[in-house]
Amino acid sequence: MIRILELNNVNVSGSIPRPGEISLAHHGVLFLDELPEFDRKVLDVLREPLESGTVSISRAARQAQFPAQFQLVAAMNPSPTGSLNDGRSTSEQVLRYLNRLSGPFLDRIDLQVDVPKLPANDFSKQVKERGESSTAVRIRVLAARQIQLNRQGKTNAQLGSKEVDKHCKLSTEDQLFLQRAVEKLGLSLRTYHRVLKVARSIADLSALAQIERQHLAEALHYRAFDRMLAQLANN
């Protein structure tokens, strides 16, 4: 199930608490398009359910708690004009646009992927080389999920900080590598733990017991938004 949260469909509950779009996306996908165009307060409301998997609503007459274990998927342009390289926005304008998203909210997005623009002559080309089939990917994902359930009784996404320390151990060299990367990108402690959990999942997809440098590098590669902010801040 996919729920699409639109800019013109953000409602505030009345005196009687009722499930909103977040709870209606329980065990499904909540998709937000044009992410920076949402009100910052609306986006920050997502922080608690992304962390706890529940939504708590308090009213004068009553309180209610609704389930909200969903996968958040969002899309956005890298600048207010659509591209970082079109020459129509300064670095300051791009930063103001991107800063509509709070740091604590971005910390809770595990995979940040940059989708490059296709060259003009590639739009009409047929895709000749295909990657893995959906069936093959599904088999690997289910196998990795079973590895996680056998190891810790839950998926990596549900690990707490102490459990991360236990199940996502690194060698001394890789620990220093990750610490330097975190300092360079200015990542928070929450993001540090999320990078570790993503690296643990990447290792599980290859059925490897130990997290290796390549898994950490790939997990850091998925922090595209953080890298872009660091680059703009240094310009």
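## R47 and D44

In this predicted model, R47 has a relative accessible area of 27% and is therefore partly exposed. Its side chain meets that of D44 in a salt bridge, with N and O 3.8 Å apart. D44 is also partly exposed, because its relative accessible area is 22%. Buried would require a value under 20%, and exposed a value over 50%.

## Other salt bridges

The structure holds 13 salt bridges. One of them joins D204 and R151, whose closest N and O atoms are 2.9 Å apart. This pair links distant parts of the chain: D204 sits in helix α9, which covers residues 189-205, while R151 belongs to helix α6, and 53 residues separate the two. The two partners fall into separate accessibility classes. D204 has a relative accessible area of 2% and so counts as buried, whereas R151, at 29%, counts as partly exposed.

D226 and R223 form another salt bridge, with 2.7 Å between the closest N and O atoms. Here D226 is buried, and R223 is buried as well. Salt bridges also link a group of residues into a network, made up of E51, R108, D110, R190 and R194.

D107 is buried but has no salt bridge. Which side chain of opposite charge is nearest to D107? That side chain is R190, 4.1 Å away. R190 does take part in the salt-bridge network with E51, R108, D110 and R194.

What D107 does have is a polar contact with S188, side chain to side chain, at 2.8 Å. Leaving aside residues up to four places away in sequence, D107 touches S188, R190, T191, R194 and R223. Among these neighbours, R194 belongs to the network that includes R190, and R223 is the salt-bridge partner of D226.

L111, V113 and V115 make a nonpolar surface patch of about 320 Å². Is L111 buried or exposed? L111 counts as exposed, because its relative accessibility is 51%.

E92 is placed in helix α4, residues 91-98. With a relative accessibility of 51%, E92 is therefore exposed. E92 and L232 are 140 residues apart in sequence, yet their C-alpha atoms are 8.3 Å apart in space.

## The chain as a whole

The secondary structure of the chain consists of 11 helices and five strands. The chain has 235 residues, and 33% of them count as buried. Its accessible surface is about 15000 Å², with 51% of that area belonging to carbon and sulfur atoms.

Of the contacts between residues at least 6 apart in sequence, 67% join residues at least 24 apart.

Definitions and conventions:
Residues numbered from 1 in each chain as written. Predicted model: local features only at pLDDT ≥ 70, side-chain atom pairs only at ≥ 80, totals over all residues. Heavy atoms only, no water. Patch = residues over 30% accessible without salt bridge, like charges linked within 9 Å, V, L, I, M, F, W, Y side chains within 5 Å. Areas by Shrake-Rupley, 256 points an atom, 1.4 Å probe, with all protein chains shown as cover. Salt bridge = Lys/Arg side-chain N within 4 Å of Asp/Glu carboxyl O. Buried < 20%, exposed > 50% of the residue type's maximum accessible area, 1.4 Å probe, protein only. Lys, Arg positive; Asp, Glu negative; His and termini not counted. Polar contact = N/O pair within 3.5 Å; in protein donor to acceptor, adjacent residues only side chain to side chain. Contact = heavy atoms within 4.5 Å. Helix = DSSP H or I, 4+ residues; strand = E, 2+ residues; numbered from the N terminus.
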